[in-house]
Amino acid sequence: VKACHTVVDSLLENCDILCMQETFFAKQDLDKLNSLNNFHWAGESATDLGMGIVRGRIPGGVAIVWNKKLDSSINVVRFDADWCNAIHFAHNDKEFVILNVYTIYECHQNEDEYLNWLAFIYSYIQNNNYSTVYVIGDMNADFSDRNSLFANHMAQFCQDNNFILSSK
């Protein structure tokens, strides 16, 4: 935990908003993000320790951390999903949404769920009238592999909807 905290602190020295995936926090541990000085957060977890014993590491989870100076410009958007959360930023003439996602790992058995998650993202964007939406995170799509099922779906998804796909 201390090493992770050191990495996050280092990243926060260079940004005002940080999106994290695979946070490995249980729902009961999300408040540990409160220990980040001068920052607030919104997080989701895939694991509830109240449901019994967890074997191995805690899977998944997402969190968005932002500098407290942005509080008046940020509204948290919750989806009741452990793989996605968002913030809406509005200040003066700037407005955008950041969707922070951590999609399921690539295998043929997960294809339907992956496509459902892409449909969820599309639906959110279409049902809200924002001119700028950033979808940030771990899409579990290997674009260096021409045979990657998820990369092909993601590329087609972006092409069909005139979205810009970037790794920068």
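Student: Is Trp83 buried or exposed?
Tutor: This is a predicted model, in which local features need pLDDT of at least 70 and side-chain atom pairs count only at pLDDT 80 or more, while totals for chains, interfaces and linings use all residues. Residues are numbered from 1 along each chain as its sequence is written, and side-chain values use heavy atoms, leaving out hydrogens and water. Under 20% relative accessible area is buried, over 50% is exposed, and in between is partly exposed (1.4 Å probe, protein chains only). Trp83 has 7% relative accessibility, so the residue counts as buried.

Student: Which residues does Trp83 contact, leaving aside neighbours within four places in sequence?
Tutor: Trp83 sits in the loop between strand S4 (74-77) and strand S5 (84-91); strands (E, at least two residues) and helices (H or I, at least four) are DSSP runs, numbered from the N terminus. Contact means heavy atoms within 4.5 Å. With neighbours within four places in sequence left aside, the partners of Trp83 are Val62, Asn100, Val101, Tyr102, Trp117, Phe120 and Ile121.

Student: What distance separates the C-alpha atoms of Trp83 and Asp138?
Tutor: Along the chain, Trp83 and Asp138 are 55 residues apart.

Student: What relative accessible area does Thr103 have?
Tutor: Thr103 is in the loop between strand S6 (94-102) and helix H2 (111-127). Not counting residues up to four places away in sequence, Thr103 touches Tyr114, Trp117, Asp138, Met139 and Asn140. Thr103 is buried, and its relative accessible area is 2%.

Student: Which element gives the most residues to the lining of the largest pocket?
Tutor: On a 1 Å grid over the protein atoms alone, a pocket is an open set of points with protein on both sides within 12 Å along at least five of seven lines, and lining residues have an atom within 4 Å of a point. Of the 21 lining residues, those closest to the centre of the largest pocket are Tyr134, Val135, Ile164, Leu165 and Ser166. Strand S7 (133-138) and helix H3 (149-160) are the elements that give two or more residues to this lining. The most, five residues, come from S7.

Note on methods: 1 Å grid on protein atoms, 1.4 Å probe; cavity = no way out; pocket = protein on both sides within 12 Å on 5 of 7 lines; lining within 4 Å.
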